[in-house]
Amino acid sequence: MSRLATIRRSLAVIAALMLLADLAGAQTLSLVREERSDPRDSDEQPFEVSRADCVADGQYVFSFGNLTLGSMDFQAWLGVGSDDCTKGEIRNTAARNCVQFNVDLNPNDSTVTLSDREIVAAVRDTQGFTTGDVCDPTVDPQMDADGLDVIFYFFLTEGSNPSADVTDAQTFDTKVDLAGPNAPTLDELGSGEGQLSVDWDEPNDASDVTGYRIFCDPPPSTETGPGQSTLQGAGGMGGIGIAGAAGAVGAGGVPGGMGGTAGSAGSAGASGATATGGSAGTATGTGGATGTGGSGTGGSSGSTASNCPSSTLVAGQLPPSDAVECGSTTGPLGTQGTAKNLLDGTEYTIAVAGIDAVGNTGPLSNVQCNTPSPVEDFFERYRRLGGKASGFCSIGRGTEPALALISLFGLVALGLRRRARR
């Protein structure tokens with residue numbers, strides 16, 4: 001091979017290598033898929049970052065197909081507001097809305113993983129808040145009920161000029177929303193058997209409300225309170241015992257009437273029975289009064305916070321992790337609910353909080369207290385107060401004293417008639 005041919009061959013190899021280098025430098029980035037480690041349902045904004053996502057430290061996974069970096073550098077940024085993070089000057093400005101993630105592209109599958117806490121920390125960095133619990137929405141006043149719109153930027157840069165403007169960045173828009181809806185206003189609590197009815201007014205801005213949660217302190221029981229209701233029911237029945245005591249008057253006179261036909265014995269027996277019957281009537285009557293007191297029909301409205309303090313439920317604060325839900329509603333328009341599975345005779349502190357589309361619970365309303373109690377209908381109250389049906393069908397246990405008295409008079413009259421015949 002001539003020397004000229006050798007030179008030509010060497011030049012061709014050099015040109016090919018330069019072409020490969022140019023191709024590597026011209027590598028383009030394409031975002032082909034984004035996933036969440038623990039996605040919510042489609043109607044719950046699955047790609048937004050909620051407070052629960054931050055606490056659990058969920059993850060985004062971005063896939064870029066089969067990517068070979070060559071001499072290029074991969075960069076991932078987060079932007080808040082109107083600043084364009086593809087501009088090198090904005091990315092390198094001290095007061096900026098662009099923050100770079102310290103992540104690398106996985107060479108095995110061309111993916112990048114970003115944790116939710118890392119994302120929220122970047123958002124706080126753009127707002128100038130770098131201390132405190134990163135997932136606490138109260139740390140940053142900008143992290144209100146509407147959340148913050150954010151943009152992820154992914155692009156390749158030349159290693160020799162990482163601050164240059166970028167023209168082929170891949171972006172993904174989402175929102176970081178850590179705060180739930182504003183607090184509603186609790187209006188009224190109504191008492192019922194094993195439950196409390198709860199009425200409230202929606203918050204001033206209810207645009208992101210998807211439902212409400214009702215909280216109780218102490219926590220609700222898994223069973224209703226049969227002991228409370230049973231005792232009150234028995235007390236109510238005690239009032240009927242007054243009629244039974246009066247019946248003892250006649251019953252006591254029967255032996256007296258039967259014991260002597262001369263008449264004097266019968267008279268003494270009736271007198272003794274009257275005294276005994278009167279004593280029994282007083283004792284039974286006392287029991288009846290106690291029953292009446294026990295069957296309270298409950299106030300329709302609860303007391304205010306000053307009368308029912310709770311260390312768990314504090315107005316204007318987020319519900320603590322140990323707060324127990326005892327009722328809920330769905331939809332932004334529902335402002336009535338029921339606190340269930342409560343024990344009669346136990347006072348409960350109640351508060352309400354809104355829920356947004358990503359499941360954030362907002363701050364608590366004002367608190368009120370009330371006590372569940374059985375509710376009497378008309379017939380229960382009528383019978384408890386000694387009411388009886390009218391007509392022939394009313395003859396029963398309540399009429400036994402009258403029948404005994406009639407029998408006594410009949411026996412005395414029969415004895416007098418026989419004596420007269422003699």
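Trainee: What share of the protein's contacts with a separation of 6 or more comes from residues 24 or more positions apart?

Mentor: In this predicted model, 75% of those contacts join residues 24 or more positions apart. A pair counts here when heavy atoms are within 4.5 Å.

Trainee: And how many helices and strands are there?

Mentor: The protein has 9 helices and 14 strands. Of its 422 residues, 36% are buried, and it exposes about 23,100 Å², with carbon and sulfur atoms supplying 54% of that.

Trainee: Why is T93 called partly exposed?

Mentor: Its relative accessibility is 32%. Buried needs under 20% and exposed needs over 50%, so at 32% T93 ends up as partly exposed. You'll find T93 in the loop between helix 3 (88-91) and strand 4 (98-101).

Trainee: What makes the pairing of T93 with E89 a polar contact?

Mentor: A polar atom of the T93 side chain sits 2.6 Å from the backbone oxygen of E89. The cut-off is 3.5 Å, so the pair qualifies on distance.

Trainee: Which residues of helix 4 are buried?

Mentor: D116, I119, V120, A122, V123, R124 and T126, which means each has under 20% relative accessible area.

Trainee: What comes just after helix 4?

Mentor: G128, with a positive phi of about 85°.

Methods: Residues numbered from 1 in each chain as written. Predicted model: local features only at pLDDT ≥ 70, side-chain atom pairs only at ≥ 80, totals over all residues. Heavy atoms only, no water. Helix = DSSP H or I, 4+ residues; strand = E, 2+ residues; numbered from the N terminus. Buried < 20%, exposed > 50% of the residue type's maximum accessible area, 1.4 Å probe, protein only. Polar contact = N/O pair within 3.5 Å; in protein donor to acceptor, adjacent residues only side chain to side chain. Areas by Shrake-Rupley, 256 points an atom, 1.4 Å probe, with all protein chains shown as cover.
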